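Open your viewer and get the selection tool ready. We will take this one stop at a time.

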Amino acid sequence: MAIMNIREAIVSTLNAEMERDSDIILLGEDVVGGNGTAGGPEAIGGIWGTSPGLWKKFGPERVIDTPISESAIIGAAAGAALSGKRPVAELMFADFVGVSLDQIWNQMAKFRYMFGGKTKCPAVVRLVYGAGMQTAAQHSQSVYAMLTAMPGLKVVLPTTPADAKGLLTEALRGDDPVMFFEHKTLYGVKGEVPEGDHRQRFGEARVVREGGDVTVVACGRMVNFSEKAADAVAKDGVGIDLLDLRTTSPLDEDAILESVEQTGRLVVVDESPPRCSLAADIAAMVTERAFTSLKAPPAMVTAPHSPIPFARNLERAWVPSPQKIEEAVRRVLAFR
């Protein structure tokens, strides 16, 4: 297997899939990366460096810089998808998805249903999300729960380079709109990536480790934090079943329930505020469907219900930490 970081896995997958399918187009702010404005063509490949080389290889008709208008980007992607293209629309920051919610929520998500299955919307919206880089309250949010709540959308959150390739390939070959969330602090994470054709089906959680005492469910950056917590409690002989959701719509409910039925304890880790969150949704689902298996009330480790601070020390306090996850694990274990 090749060793790549998540950024490289995304660029490599876009490159390979655009070679394979001439209907795939990429559009967004600065995806060309400074062409004509930063001293020459293809300067950086976007501010996150996830599209270098694509404009030079596939040209301006398939790699398209757009105005700073999320509603225009998503509106163009929706129309292109209905017209037979497979657009990849990049939103530089997921926080601004609100500007384009009508196009996503009332249009893309409903095309297949409202046209009686006579059309499809094979669009992928790439959204950069998450706290940890001092990008403050308007550039750090984790809005995946909001989009997960919208029927008709598939919501994807890769944590490893292998999943970045497998899940993005699956998204690009599907016929439904996919919200593809990329955590800004994970771009540099390295790992093995399968070579050749690699697809990861949606709705299949990754079993990161098996322990047997407590089930911990997480996604994105919180998976890595949960691993640190698992290492800490393992020193005391506590084993954690750690599940990386990979996708929140569809959600691998079976994997969560099967694990909780074995451990009897659940901790959900979610990098977003607690009200109407992914953590609240999963805790409620488990309470309803696996109540008799529970030995303790489910615990939620989330951010506080507040905007995200800019100051480094306050931002660190805001983000769920490995220590807070460890405390939650010990709390559900101690419940009597």
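**First stop: a buried tyrosine**

Select Tyr129: its relative accessibility is 1%, so Tyr129 counts as buried (under 20% relative accessible area; over 50% is exposed and in between is partly exposed, with a 1.4 Å probe and protein chains only). Before going further, note that this is a predicted model, in which local features need pLDDT of at least 70 and side-chain atom pairs count only at pLDDT 80 or more, while totals for chains, interfaces and linings use all residues. Residues are numbered from 1 along each chain as its sequence is written, and side-chain values use heavy atoms, with hydrogens and water left out.

Tyr129 sits in strand 5 (residues 124–129) and Tyr144 in helix 6 (residues 144–148), so the pair ties together parts that are 15 residues apart in sequence. Helices here are DSSP runs of H or I with at least four residues, strands are runs of E with at least two, and both are numbered from the N terminus.

Is Tyr144 buried or exposed? At 1% relative accessibility, Tyr144 counts as buried.

Phe181 is buried, with a relative accessible area of 0%.

For another group of rings, select Trp48, Phe93 and Tyr187, which form one aromatic cluster.

**On to Val193**

Val193 is part of strand 8 (residues 190–193) and is buried, at 1% relative accessible area. What does Val193 touch, not counting residues up to four places away in sequence? Show Met1, Ala2, Met4, Pro161, Ala162 and Lys165, which are in contact with Val193 (heavy atoms within 4.5 Å). Then draw a distance from Val193 to Ala9: their C-alpha atoms are separated by 7.6 Å, although the two are 184 residues apart along the chain.

**Next, Arg246**

Select Arg246 in the loop between strand 11 (240–244) and strand 12 (247–249). Arg246 counts as buried, at 11% relative accessibility. Beyond neighbours within four places in sequence, the contacts of Arg246 include Val155, Val156, Leu157, Asp163, Glu204 and Arg206.

**Zoom out**

Finally, display the whole protein chain, with its 12 helices and 14 strands. Its radius of gyration over C-alpha atoms is 20 Å, close to the 20 Å from the globule rule (2.2 Å times the number of residues to the power 0.38) for 336 residues, so the chain is as compact as a globular protein of that length. The C-alpha atoms fill a box of roughly 65 × 45 × 40 Å along the principal axes. Colour by burial, and buried residues make up 57% of the 336 residues. Among contacts with a separation of 6 or more, 80% join residues 24 or more positions apart.

Definitions and conventions:
Phe/Tyr/Trp six-rings, centres within 6.5 Å; stacked < 30°, edge-to-face > 60°.
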